[in-house]
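Hi there,

Here is the model I promised to pass on.

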Amino acid sequence: MQETMQPINEGSRKEVMRYLEPFMLNEMSEYLKPVEEMWQPADFLPDASRSTFFEEIKDLQESANELPYDLVAVLIGDTLTEEALPTYESWLTMVDDVEKNEQGGWMKWTRAWTAEENRHGDLLNKYLFLSGRVNMREFEISAQYLIKDGFDIGTGSDPYRNFIYTSFQELATNVSHRRVAGLSKQSGDKLLAKMCGVIASDEARHAKAYISFIKHAIKVDPNEVLLAFEDMMRKKIVMPAHLLRESGEPQGEVFAHFSDAAQRLGVYTALDYVDILKELLKDWKVEKLSDLNEAGEKARDYLVKLPDRLIRIADRMKNPLKEYKFKWIYG
Ligand SMILES: [Fe+2]
Ligand SMILES: [Fe+2]
């Protein structure tokens with residue numbers, strides 16, 4: 001397959017993926033780290049075998065006590081988002097047009113990515129447990145519901161929509177973990193700041209990988225990638241935990257409160273959404289794409305104009321004021 005690929009016909013996604021999968025394998029070492037060189041949750045958590053264990057926990061709880069209520073809520077929502085990893089892994093394995101083989105490029109990538117991501121929920125879950133501020137039973141009910149409910153993000157099993165979504169999401173999680181790190185540091189919880197900081201840098205690395213998959217796809221199939229991108233943006237990128245709920249509440253109910261808290265704190269806002277879109281447009285050089293068919297041109301023009309439109313809408317949005325009492329948080 002060369003860059004002279006013919007315009008889309010049925011089954012061409014398969015050809016593109018056959019061209020992409022070797023890149024996924026080759027580039028894996030660029031975007032994922034060797035297991036034994038990685039940080040692990042134990043690097044940051046009190047070690048129960050040490051004589052100082054209880055003192056360390058006391059310190060951890062003292063700093064956790066200083067965290068503002070909204071920040072704890074956002075941290076819990078972020079942790080639950082990480083804990084729904086089984087949903088993301090099963091969704092990734094449903095992608096069409098990849099080699100359905102345990103040793104294929106896509107499956108190898110998916111397993112290695114999942115293995116890295118798994119550390120995020122592990123670390124944050126243990127922190128929340130030790131912090132003493134969280135009703136862990138309520139937290140665990142939400143985690144079980146979220147995995148059971150899954151998500152509805154509008155990608156179907158299309159590889160292009162999937163990689164566009166993951167590019168967006170990895171950038172979004174980078175932003176939110178990074179901001180939680182900053183706010184934790186401000187309120188004196190250095191340990192939590194470090195934890196969220198290392199998670200954020202994993203997310204940034206993952207974002208680069210998915211962005212590069214789309215870069216390769218654009219080279220050989222620009223029209224279809226643009227149509228997929230346009231479609232995802234028209235539907236709006238839904239957060240992976242959009243069905244998040246608390247015990248006794250309907251699907252998605254608590255997600256709105258979580259996202260209000262994130263907006264209030266400036267952890268993840270409507271303007272961040274626009275910034276992420278701008279970054280993707282720049283990385284994929286959308287504005288400069290030429291030699292497109294009519295539909296591809298329309299999609300490009302829609303996408304290029306979209307950030308300004310979204311900024312105007314974001315400017316009109318008011319910051320949510322009302323605080324909500326989460327079942328997850330004591331006191
Ligand atoms: Fe993560
Ligand atoms: Fe991630």
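Asn174 counts as buried, at 11% relative accessibility (buried means under 20% relative accessible area, exposed over 50%, partly exposed in between, with a 1.4 Å probe and protein chains only). This residue is found in helix α7, residues 159–186 (helices are DSSP runs of H or I, at least four residues, numbered from the N terminus).

Before going further: this is a predicted model, where local features need pLDDT of at least 70, side-chain atom pairs count only at pLDDT 80 or more, and totals for chains, interfaces and linings use all residues. Residues are numbered from 1 along each chain as its sequence is written, chains are lettered from A and ligands numbered from 1 in the order in which they are written, and side-chain values use heavy atoms, with hydrogens and water left out.

The side chain of Asn174 makes a polar contact with that of Arg178, at 3.0 Å (a pair of N or O atoms within 3.5 Å; within protein, one must be able to donate a hydrogen and the other to accept it, and residues adjacent in sequence count only if both atoms are side-chain atoms). Leaving aside residues up to four places away in sequence, Asn174 touches Ala200, Glu203 and Ala204 (contact means heavy atoms within 4.5 Å).

Glu203 leads on to the metal site. Together with Glu82, Glu117 and His120, Glu203 coordinates the iron ion (ligand 1), at 2.1 to 2.4 Å (donors are N, O and S atoms within 2.8 Å of the metal, or 3.2 Å for Na, K and Ca; water is not among the atoms, so sites may look incomplete). His120 in helix α5 and Glu203 in helix α8 are 83 residues apart. Glu117 coordinates both this ion and the iron ion (ligand 2), 3.4 Å away.

Best wishes

Notes: Helix = DSSP H or I, 4+ residues; strand = E, 2+ residues; numbered from the N terminus.
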